[in-house]
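Hi everyone, thanks for coming. Let me put the structure up on the screen, and then I'll walk you through it.

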Amino acid sequence: MDLGLSEEQEMLRTSARDFLQKECPKQLVKQLDESDEGYSPELWRKMAELGWMGLVLPEEYGGSGGSFLDLVVLLEEMGYNILPGPFFSTVVLGGLSILAAGNEEQKKEFLPKVANGEIILTLALTEPSAKYDAASVKTKAVARNGEYVINGTKLFILDANVADYLLCVARTKEGVKPEDGITIFLVDAKSPGVKCTLLKTLARDKQCEIIFDNVNVPKDNVLGEVDRGWPVVESILQKAAVAKCAEMVGGAQASLEMAVSYAKERVQFNRPIGSFQAIQHYCANMVTDVDGSRFVTYRAAWKVSEGIPATMDVAVAKAWTSEAYGRVTLLGHQIFGAIGFTMDHDMHLYYRRAKAGEIMFGDGDFQRAVVAQELGL
Amino acid sequence: MDFRFSEQEEAFRREVEDFINEELPAGWTEGNIHWPGGYGTLEEFEVIGPRMAQFRRRLAEKGWLTISWPKEYGGAGRSNIEQAIFHERMSYYRAPGGDVATLIGGPTILHFGSDEMKKEWLPRIAKGDVTFWLAYSEPNAGSDLASLQTSAVEEGDELVINGQKIWGTVAHVSDYAWMVVRTDPTAAPHKGISLIIVDNKSDGITIRPLMNICGFHSFNEVFFDNVRVPKKNIVGEKNQGWYYLMVALDFERLVIPMGGFRRTFEEIVQYARETKHNGQALSRDPLIRNKLAEMAIEIEVAYMFFWQTAWMLDRGLMPNIEASVLKLVTTELSQKLASVGTAVMGHYAQLERGSKWVPLRGRVPAGYLDCISALVGAGTSEIQRNIIAMRGLGLPRK
Ligand SMILES: Cc1cc2nc3c(=O)[nH]c(=O)nc-3n(C[C@H](O)[C@H](O)[C@H](O)COP(=O)(O)OP(=O)(O)OC[C@H]3O[C@@H](n4cnc5c(N)ncnc54)[C@H](O)[C@@H]3O)c2cc1C
């Protein structure tokens, strides 16, 4: 057993931390949070130059052939520095899906552009029911004259406002089971009939409503097999859940560090507040939550990376980390007192993201149901 | 023992209910996103529109801004239980029924002010003619308020104030600061503090806005540079301010929008009833039922602490530990309600006011943010627990 990172992963981690600290100060984070685009094209280009977008893509498609675990190391740092922008959507939701399910032509067309930062992708899965099950996919795609015509509404779609392509999950057939008859389409976001509306969210992440109104998509743009898309969606969701955990672990780590250093500094009653046992216990709870989250997240990530079945591990990681991040940021706020309740402070940036991260790709209740199922209950 | 309202109390409750139905501007309750327990989402921070000003005037006419005060000072001469009934109903409709002057400053003056001071201030407060803000906290004096540094030095008939206050909620829209200052720098920290009323329009006061995380300008930093205040504005005796402050803080901790918890909870329950997933209402989901039931139970418990404090006041007792317990219980309730609300709404819980698809006008994400202030403002939860443990249970300090 080896619970440590490799030397290369350590290097990736340190260089990512340094880069983000320098290139993405909190001032920029706040500015991007309040903007409609939610990302900085300049920073995006620099990240591409560092090879981040291509980190997990094979060399033949312009990547550097890293593992999913490498990506998780990078995502933890992005969460630590709360980097805004469509990296997660483009690489985790888009790039990895095309790599897993795309045909050779699609891979050749899309992946090099992902790797060099030329295109932004996202997954358009959830609908007004806001659930992650197959039965909730009501958007329809009908074959007509050698094309597909898509109609329906997608909701809570990350970064669709800046995406070039949407991986749209649609129903192509009413099967016996809801899982049958689902197909994934690569839809040009500029296609006539695609209407995207930006929603205003707690975490200021750029979630959108997308209405597909008779949108024509060429047959060649089917990703994977017609009617058999659901297993692909499930595997995307699994990776996305672990990837989200990685971001949350990073965010929780940063929250812990901020709060502990404040507890050492802030003096009330002629002593640092960190000398009060109540505050010490909070800090102890926080570090336990952060470390626990990191362990279960990396175990799940390692299994996914190695191609070992990981349903249980992913559910454990997402259930635990979602709620742990919430607890850690709440305690962080408690330690900061009134100063943390100001817009100028950084604590709320993490607290907001903790809620968004918890909800996305299945919250604690959803994941505990998976755990119960895996237990054979 | 009798857990029912008396006939008189019941009749008063109906009277209040009728008044609200008639006088509260239409749409006010639904439009106001104030989160119960929070100090950061009051829309009144920004505008008290003419409709609301009219509502407040009507309250003042009835003596309802100061229900439990004696009639001679403009009150309604009613019991504290009746006052609690009033606040419970008002907060249920998210109607602003009291403020710092009527609920904190006024009652403290009633207890400790000279006759002259009572005559000067109480009738004006009861009429709603003057508003106060709380000038307690300083950058280095939060929980440890006794370490405050803002100084007041006597010069003839006046005091000259220098220093800085922070977190002054509504300071920018109030008339007077209800303020603690250091009047004797040589005495022990608790023994050199005075409580004083300072006109916001005095020369030398600078108010700078602070934005809270809910996006409201609710609080402020306020600088005092040689501000002159008549000595007669000292409440009670000079250098006794700390003792008055302890009582004023208890009054503050009794200001709980109890009905607001019930109202917001009911709205979340309603949402769970009306929202269907694959044909089944969320309210049929056992996990959601369980969370809502737990919430209902906690609200019932909190209500008892709420009535208890009013009952004590009617018996001539000053709630002290009880005020801290009420504050602690209801602020935890504030946080729990936000947590249950977000769990019930899932993805929709992230949508803020003004967003397409937003449920309940975005009050749940606003509450997720504002409940942070509930756990901190008016003395943090840790400080309340310290009070309950040490002052209440006599646990040793060392
Ligand atoms: C929204 C809002 C509105 C407010 N409005 C006003 C206002 O109108 N007027 C006004 O004067 N003030 C106001 N306050 C200030 C409020 O009273 C203080 O924030 C509060 O007393 C805590 O002080 P602090 O923020 O400096 O935190 P600190 O005192 O620095 O506390 C930081 C942390 O240390 C903990 N701590 C401190 N001492 C102890 C101890 N002995 N044992 C255990 N833990 C301890 C605290 O509980 C907290 O978790 C407001 C605050 C907020 C958030």
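Areas here come from the Shrake-Rupley method with a 1.4 Å probe, and for residues only the protein chains shown count as cover.

Before I go on, some housekeeping: this is a predicted model, so local features need pLDDT of at least 70, and side-chain atom pairs count only at pLDDT 80 or more, while totals for chains, interfaces and linings use all residues. Residues are numbered from 1 along each chain as its sequence is written, chains are lettered from A and ligands numbered from 1 in the order in which they are written, and side-chain values use heavy atoms, with hydrogens and water left out.

You'll find eleven helices and ten strands in chain A. Along the principal axes, the C-alpha trace of chain A spans about 80 × 50 × 40 Å.

How much of chain A is buried? Of its 377 residues, 59% are. Buried means under 20% relative accessible area, exposed means over 50%, and partly exposed is in between, with a 1.4 Å probe and protein chains only. As for contacts, meaning heavy atoms within 4.5 Å, take the ones in chain A between residues at least 6 apart in sequence: 74% of them join residues at least 24 apart.

On charge, chain A carries 39 positive and 51 negative side chains, and the centres of the two sets lie 5 Å apart. We count Lys and Arg as positive and Asp and Glu as negative, leaving out His and the chain ends. Each charge is placed at NZ of Lys, CZ of Arg, CG of Asp or CD of Glu.

Now for the inside. Which residues have the most contacts inside the largest nonpolar core? They are A:M47, A:W52, A:F87, A:V187 and A:I335, in a core of 198 residues. Helix α7 of chain A, residues 230–265, gives the most to this core, with 18 residues. A nonpolar core, by the way, is a set of buried Ala, Val, Leu, Ile, Met, Phe, Trp, Tyr and Cys residues joined through side-chain atoms within 4.5 Å. Zoom in on A:W52: not counting residues up to four places away in sequence, A:W52 touches A:L12, A:A16, A:F19, A:L20, A:M47, A:L74, A:M78 and A:F87. Apart from that core lies another one of 32 residues, among them B:L134, B:V235, B:W242 and B:L245.

Have a look at helix α2 of chain A too, residues 26–34, where A:K26, A:L28, A:V29, A:K30, A:L32 and A:D33 are buried. Their cover includes α1 (7–23), α3 (41–49) and α10 (347–359) of chain A.

A quick word on backbone angles. Most residues other than glycine have a negative phi. A:A130 isn't a glycine, and yet its phi is positive, about 55 degrees. A:A130 sits in the loop between β1 (121–124) and β2 (140–144) of chain A, and at 10% relative accessibility it counts as buried. A:N214 is another non-glycine with a positive phi, about 50 degrees. This one is in strand β7 of chain A, residues 207–218, and is partly exposed at 43%.

Over to chain B, which has twelve helices and nine strands. Its 398 residues are 57% buried, and its accessible surface is about 16,800 Å².

Buried or exposed: what is B:L292? At 9% relative accessibility, B:L292 counts as buried. B:L292 is in helix α9 of chain B, residues 286–314, and its contacts include B:F265, B:I268 and B:V340. B:N21, in helix α1 of chain B (residues 7–23), counts as exposed at 53%. That's my tour, thanks!

Key: Helix = DSSP H or I, 4+ residues; strand = E, 2+ residues; numbered from the N terminus.
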